[in-house]
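Biologist: Please take one part of this model and go through it closely. Keep it brisk, and show how the pieces connect.

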Amino acid sequence: MRWWSLANFVSNAGTWMQLTVQNLLVLQITGSAAATGLSVSVQAAPALLVSLAGGAAVDRWPRKLTAMVSQALLGVVALVTALLVATDRLDLTVLLVLAAVTGTIATVDGPACALLGNDLVPTADVPSAIGVGSLVHSAGRLAGTALAGVTVGFLGTFAAYAANGASFLFVASVIPFLRPAAGAVRQAVHSAPAIPAQRGSRKAGHDMTVRQGLAYFMRRPRLVALAGVTGISAVFGRNYGLTLAVLVTGPLAGGAGAFGTVSTVLAVGGILGAVLGARLRRPSVRLVGTLAAVGALLQAVAGLSPSLAVLLVLVLPMAVVESVSDTAGTTVLQTDPPAHMRGRVLGVWGSISTGWGLAGPPALGLLMELAGARGALVTGGLIIAGAIGAGFFLRERRSTTPVPLRTGERGGAAQPELGTAA
């Protein structure tokens, strides 16, 4: 687990180095902000369309081999991009193709690596392992963002892609040496399907397996509820790179340096939240929703901040609470399904979360156009808290409503409702 965490830290740092400079690269090539947005959408589109198939592949193939191959392929794509940038042969068309290939591979790599990390610890320690993964991700993001400017300044844009490619290959080289922990949940490849195939069905294999994952997800109320909580939070909150940037540079009259300070506090809060989330042993959807609602209310209060200092005071607990909520939600998502269904469930989640990621910024942008940055933060926070509170109320009302039992007479003679012990 220590080796896996180190490899993930290196990989996350490399990925954030590349992501930090990628938009700048597109702007250098095209000079168009629209093209920059297009490149992001093209890389995200495969997750929206084929994550179900990627999750099914993770369930059907050996997990270590799947993760190793996907990491190696991502490394090759990054190194090819670095070579094209270094030789000045990268145009927009090639860049979009490489972005689409990266996004497609990631639909398999994401669930494979997430579940592989869980295999390295006993079942009781999986929540802690997920918390460690969240901590590693946040630390890698900080390190990668900081190193991006230094790397590009001294070595050029291609160096960020080369470093990311090397980080993927490092992870691929570590995976063969990983060993599952005693008592870990073992993957059951080609295990019995959760939903039996219908007689006469031409395809009970890959296509049916994809449908099984979607059907299982939709039939689990707690997973649907988790999707609702996370979705409403993603659309009307969490996009702080957009809302807080406008608030700091607009009403609070700060500059890029001030927003950098806010971003750093958000990252620190994310790390603290991941540490606290790692201590959760059996998180529930109710806990996820409660923390998300608290974070949303803090977001609403932050939108009313009269100064940058007050905003910084509010941003830290907001980031901590939301990070704990995210860690708890990830734990529920990865531990609720049976072992042979987890790849498919993560595939469904990948499609849903990509939809939220694409819908959130336009929705918040429209809200800011109508209500301004403060109004967007306040309104969005109240919408999130109100929706979660309404969901809790309806759930409690439905679970406490008494169900009348029919004991009436049938045909004039009293008949017992149950005629056998069974």
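Modeller: Phe217, Trp349 and Trp356 form one aromatic cluster. The model is predicted. The count of aromatic pairs comes to 2. Take Phe217 and Trp349 to begin with. Their rings are 6.3 Å apart, centre to centre, with 45° between the planes. That makes the pair tilted. Phe217 lies in helix α7 and Trp349 lies in helix α13, so the pair ties together parts that are 132 residues apart in sequence. Now take Trp349 and Trp356. This pair is edge-to-face. The centres are 5.4 Å apart, and the planes make an angle of 85°. Phe217 and Trp349 are buried. Trp356 is buried as well.

Next, the surroundings. In soluble globular proteins, nonpolar side chains tend to be buried together. Here, the largest nonpolar core has 37 residues. Phe217 and Trp349 are among those with the most contacts inside it, and so are Trp4, Ile175, Leu178, Leu226 and Leu333. Several helices give two or more residues to this core, including α1, α7, α8, α12 and α13. Helix α13 (342-400) gives the largest share, 8 residues. A second, separate core has 23 residues, and Leu247, Phe259, Val315 and Met368 are among them.

Back to Leu178 in the largest core. Leaving aside residues up to four places away in sequence, Leu178 touches Trp3, Trp4, Lys64, Leu116 and Leu120. One more ring deserves a look, that of Phe392. The charged end of Arg286 sits over this ring, 5.2 Å from its centre.

Conventions:
Residues are numbered from 1 along each chain as its sequence is written. This is a predicted model: local features need pLDDT of at least 70, side-chain atom pairs count only at pLDDT 80 or more; totals for chains, interfaces and linings use all residues. Side-chain values use heavy atoms; hydrogens and water are left out. A nonpolar core is a set of buried Ala, Val, Leu, Ile, Met, Phe, Trp, Tyr and Cys residues joined through side-chain atoms within 4.5 Å. Buried means under 20% relative accessible area, exposed over 50%, partly exposed in between (1.4 Å probe, protein chains only). Helices (H or I, at least four residues) and strands (E, at least two) are DSSP runs, numbered from the N terminus. Contact means heavy atoms within 4.5 Å. Rings of Phe, Tyr and Trp (its six-membered ring) pair if their centres lie within 6.5 Å; planes under 30 degrees apart count as stacked, over 60 as edge-to-face and the rest as tilted. A charge sits over a ring if NZ of Lys or CZ of Arg is within 6 Å of the ring centre and within 35 degrees of the ring normal.
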